[in-house]
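Have the model open as you read.

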Amino acid sequence: MYYLYVRVVKGKDLQVNPVTGSCDPYVEVKLGNYRGKTQHFEKRTNPEWKQVFAFSKDKIQSSVLEVYLRDREMVGRDDYVGKVVFDMNEVPTRVPPDSPLAPQWYRLEDRHGQSKVRGDIMLAVWMGTQADEAFPEAWHSDAATVQGEGVFSVRSKVYVSPKLWYLRVNVIEAQDVETPDKTQLPQVFVKAQVGNQILKTKLCPTRTTSPFWNEDLIFVAAEPFEEQLVLTVENKASPSKDELVGRVTLPLTTFEKRLDHRPVHSRWFNLERFGFGALEGDRRHELKFATRIHLRACLEGAYHVLDESTMYVSDTRPTARQLWKQPIGILEVGILSAQGLLPRKTKDSRETTDAYCVAKYGLKWVRTRTILDSFNPKWNEQYTWEVYDPCTVITLGVFDNCHLGGAERSAAAKDSRIGKVRIRLSTLETDRIYTHSYPLLVLQTSGLKKMGELQLAFRFTCLSLANIIYLYGHPLLPKMHYLHPFTVSQLDTLRYQAMNIVAARLGRAEPPLRKEVVEYMLDVDSHMWSMRRSKANFFRIVSCFRE
């Protein structure tokens, strides 16, 4: 029997009541006609609830899960603080023996879901069975408390990558551009920013109040959409000075989601800017109409957002779930043990290694528990993945845990890499169990070094041979990559941005999957020029001509 589990962990930086100057927060979990409430705390802006709610799947009558945070009042109606909404179709399913889903921080929204409000809440939402270890504590008991910050990073966890979209912004033109200097016509360009991503159009070649560009700017965005698109029109007043003409801030939910190559309707947006001049007095901070800009923007759902190297891609599905095919098989991986690991740090005047393993395939990441003080750790943990394409690769990496000494000692520490193993599913026989030891190799300045061996057991079970044959006759990536392809430089830039977003989101889980781990698993530096790689490719070409 399946249940929807909602784990409410804690909140932070909650907004206080302007009248009472305090906040008595509690959380209400609402799914259709069913509601569950946590206990409330008095005068706390950083509460910790650690309570679990379970909803029977057979009785679910709603397509959305709503988690409300309210301020309890002694008299009258409880005040609304914020909410988080989940689409039931996007809730991941936890299949035993997967480890528990790691909770994440979510920014609270206003009543209408149009803007973010002050405060964050940490939640984990998943579908599970009655065998889930969260079932006994659901509804009536608090989650088990754990002593010490370092203990959180020892446990095994399952993580899910955020859903990534390509945001295409076609900047067409602007009208009625005016600048402070009325003596000359403006020569402008558009700067667009989404989070840390900043792109600019070319400078309009002529000075005019109605510039024309018709340029595409491509960004990477992740659900839930926390960033906004900020567009500024700037005038090139001099070679070293750009003047702000106007700006507009647009939520990403403003744009439609495109599932094919059909045309997108363009829209006009009014830009606003701050007044200028000392003579304007108190009105100098008022927003004033400056110009308007013509855009054609959409979220591309028919592309697969690459966050890995195409040589080792583990997922080829498009962003939009409506375009997904049925899985063709199941991949079962047993992370058994490691042998002969080299020491990675010194503790209490002796060398040691605290090893854990991370596996990544598709959107799902798994992290084994950390085996302390062992050069031959044994994990014996099993995980499963659904397979949608046989021409994919699973990546497994082994790391040394450097965050066991508490928050103060390990805040600046980084988990060191021990080695990485890749298995290409197309090389496996279906329904056959493989048990092998793979060398863990790391490229150092002194050359390639073996850091130990990783023992794995795995099996690829085929669900449909006809679907596998069908996939082998089609391109690897969705057809939009070939109908409207990106340039090589665009793909490299977008992949780097996607990797940064994935690392940032997974780093917000608890325990976090740290940035250095995500970067190593996703080959963040694969696009960089390498003397070793160039030399190897040169000798390959020479050997071909010799033959």
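What follows goes from nonpolar cores to aromatic rings, and then to some local features.

This is a predicted model, in which local features need pLDDT of at least 70 and side-chain atom pairs count only at pLDDT 80 or more, while totals for chains, interfaces and linings use all residues. Residues are numbered from 1 along each chain as its sequence is written, and side-chain values use heavy atoms, with hydrogens and water left out.

Start with the largest nonpolar core, which has 79 residues. A nonpolar core is a set of buried Ala, Val, Leu, Ile, Met, Phe, Trp, Tyr and Cys residues joined through side-chain atoms within 4.5 Å; buried means under 20% relative accessible area, exposed over 50%, and partly exposed in between (1.4 Å probe, protein chains only). Trp 365 and Leu 396 have the most contacts inside this core. Helix H4 (residues 488-506) gives the most to it, with seven residues; helices (H or I, at least four residues) and strands (E, at least two) are DSSP runs, numbered from the N terminus. Apart from this core lies another, of 30 residues, including Val 177 and Leu 250.

Now for the rings. The structure holds 13 aromatic pairs, that is, rings of Phe, Tyr and Trp (its six-membered ring) with centres within 6.5 Å; planes under 30 degrees apart count as stacked, over 60 as edge-to-face and the rest as tilted. Phe 399 and Tyr 520 are edge-to-face because their ring centres are 5.7 Å apart and their planes stand at 85°. This pair links distant parts of the chain, with Phe 399 in strand S25 (residues 393-400) and Tyr 520 in helix H5 (residues 515-521), 121 residues apart. Both Phe 399 and Tyr 520 are buried. Another edge-to-face pair joins Phe 538 and Phe 539, at 5.6 Å centre to centre and 70° between the planes. Here Phe 539 has 49% relative accessibility, so it counts as partly exposed.

Finally, look at the backbone. Cis peptide bonds join Glu 223 to Pro 224, with omega about -10°, and Glu 510 to Pro 511, with omega about 0°. Pro 224 lies in the loop between strand S13 (212-222) and strand S14 (228-238), whereas Pro 511 is in the loop between H4 and H5. Asn 380, in strand S24 (residues 378-387), has a positive phi of about 50° although it is not a glycine. With a relative accessible area of 55%, Asn 380 is exposed.
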